[in-house]
Amino acid sequence: METLDLTTTWVGITSLIVFIVGYYFVAAEDKYQINKTKPALMMGITILMLIGIYHAVNGLEMKRFHHEVEVLIVEIAGIFFFLYVAMTYIEAMLERQVFRTLRYKLVSKGYDYKKLFWVTGFLAFFISPIADNLTTALILSTVLITIDRENKAFIVPSAVNIVVSANAGGAWSPFGDITTLMVWVDGKGSFVDFLYLFPASFIGWIVTALLLSRFIPEGNPPSAEGEEEMRILKGGKVIMGLFALTIASAVFFHQALHLPAMLGMMFGLALLELYIYKLNRELVAQGIEDANRDGVADSEQQGVNVFAYIAKIENDTLLFFFGILAAVGGLHFLGFLEYFTALYTQFGATAVNIGVGFLSAIVDNVPVMSAVLKSSPDMGADAHAQWMLVTLTAGVGGSLISFGSAAGVGVMGKLHGIYTFTAHMRLAWTVLVGYIISVAIWYLQFQVLGIGA
């Protein structure tokens, strides 16, 4: 089917302007006090509408456009429902006091702000390869806000650290980020190949963390005298186990059954709903028994509602992704995302792949990686090493801007009004230094020493 280049037409130019203006308001969320979801949704739907109007006015064949929209909707739905389930599990664990208990254990150990900074960073780096960078960032940002909600001097650099470590940890595992999964499924590298990115990912994050740690205040988080010991409520540990099983199900559905990973996540949601039904019966029965014995039921024994968890998820974060992916999908249809792939011939694979990291921070790494894979540019004689480089830069580069990665957007939603675009950009230079170090480690390992190439 013939591909149209609509970048120089009125619809292409207008759509690009809409995208730039929309992204300006996303970035200036603090200045205008507008939720980033609103401009994101507006620009995404507007661009698709403009393309439809252009086709209708000019009497163009709509079949290709309809097909592209259907594919786009399927891609968005996959991400949407994946996050939908992950966020539901997080809310369930929050209600069962999993994170408050973790916070209590960390604080009760006497950890000061700096130790908590490093503990959450290491946890993010080593959990994200299994649970994916977004889920990891959401979990640990929840822990952050339960440690000390009021201390922005601690939360902001710690949030940046979590985003960077989650993205860096996700870069060396096929399951750690959507972009690495895309590269793996496309056959550009085996499972073991991604493990060779560990040194570049780890050292780059450590450098950024060392720089960020200089901004962490001295002292300990507040711990009231005689603070009541927190414990995970009944069913909390089972829910944690079900969440791990859900992630495993997503991998199994995708790799073994060749079905969308979100189906595995929805299977996990079904397991959660069934377990909550069983848990409710146990809690209600225990409550009745306690009331008969003591005359009053323990509040812990009251029933819980799984749909209450769903009601609490950050719907604005989900809708933000919908808007951004719709907008970028529209620009891809118009032909804009194809331009940078032509640069491989002119500037060479290494330079362009490093640039992909910066582009992914602005546009989002998923559509950028999708464009690279679809165009399948000539990576040169060392194609394998170059595919590992673009995997590294697309994953780690998303940390340069707060909304450049799923992890960053998720944390912005969780720490709304605290971790913002402006707050992140004040510390973005530390991320840039780590990014440069990661690329340098890749060059030394793959190009000079030939390890993993």
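Lys278 and Glu282 meet through their side chains in a salt bridge, at 2.5 Å from N to O. Both residues lie in helix 13, 4 residues apart, about one turn of the helix. Shared partners join Lys234, Lys278 and Glu282 into one network of salt bridges. The model is predicted. In total, the structure holds 4 salt bridges.

**Salt bridges**

- Lys278 counts as partly exposed, at 42% relative accessibility.
- Glu282 is also partly exposed, with a relative accessible area of 30%.
- Lys234 meets Glu282 in a salt bridge of 3.6 Å, N to O. This pair links distant parts of the chain, 48 residues apart. Lys234 sits in the loop between helix 11 (198–213) and helix 12 (236–255), while Glu282 belongs to helix 13 (residues 261–294).
- Lys234 has a relative accessible area of 37%, so it is partly exposed.
- Arg96 and Glu95 form another salt bridge, at 2.8 Å from N to O.
- Arg96 counts as buried because its relative accessibility is 2%, under the 20% cut-off. Glu95 is partly exposed, at 27%.
- In general, side chains of opposite charge can pair when their charged atoms come close.

**Aromatic pairs**

- A search of the whole structure finds 32 aromatic pairs. One of them is Phe81 with Tyr84, an edge-to-face pair at 6.1 Å centre to centre, with 70 degrees between the planes.
- Phe81 and Tyr84 both lie in helix 4 (residues 63–95), 3 residues apart, about one turn of the helix.
- Phe81 is partly exposed, with a relative accessible area of 31%. Tyr84 has 19% and is buried.
- Trp442 and Phe446 form a stacked pair, 6.0 Å centre to centre, with 20 degrees between the planes.
- Helix 22 (residues 428–448) holds both Trp442 and Phe446, 4 residues apart, about one turn of the helix. Both residues are buried.
- An α-helix has 3.6 residues a turn, so residues three or four places apart point the same way.
- Ring pairs also build a cluster. Its members are Phe117, Trp118, Phe122, Phe125, Phe126, Trp172, Phe198, Phe202 and Trp205.

**Charges over rings**

- Lys36 lies over the face of Phe320, at 5.8 Å from the ring centre.
- Arg214 lies over the face of Phe215, at 6.0 Å from the ring centre.

**A covered helix**

- Helix 20 (residues 406–414) is mostly covered, with 9 of its 9 residues buried.
- Buried residues in helix 20 include Val409, Val411, Met412 and Lys414. Gly408, Gly410 and Gly413 are also among them.

**The chain as a whole**

- The secondary structure comes to 22 helices and 0 strands.
- The radius of gyration is 23 Å. A compact globule of 453 residues would have a value near 22 Å, so the chain agrees with that expectation.
- Along the principal axes, the C-alpha atoms fill a box of roughly 75 × 50 × 45 Å.
- Buried residues make up 55% of the 453 residues.
- Among contacts with a separation of 6 or more, 80% come from residues 24 or more positions apart.
- The accessible surface comes to about 19,200 Å², and 65% of that belongs to carbon and sulfur atoms.

Definitions and conventions. Residues are numbered from 1 along each chain as its sequence is written. Side-chain values use heavy atoms; hydrogens and water are left out. Rings of Phe, Tyr and Trp (its six-membered ring) pair if their centres lie within 6.5 Å; planes under 30 degrees apart count as stacked, over 60 as edge-to-face and the rest as tilted. Helices (H or I, at least four residues) and strands (E, at least two) are DSSP runs, numbered from the N terminus. Buried means under 20% relative accessible area, exposed over 50%, partly exposed in between (1.4 Å probe, protein chains only). A charge sits over a ring if NZ of Lys or CZ of Arg is within 6 Å of the ring centre and within 35 degrees of the ring normal. The radius of gyration is taken over C-alpha atoms; the globule rule is 2.2 Å times the number of residues to the power 0.38. Contact means heavy atoms within 4.5 Å. Accessible areas come from the Shrake-Rupley method with a 1.4 Å probe; for residues, only the protein chains shown count as cover.
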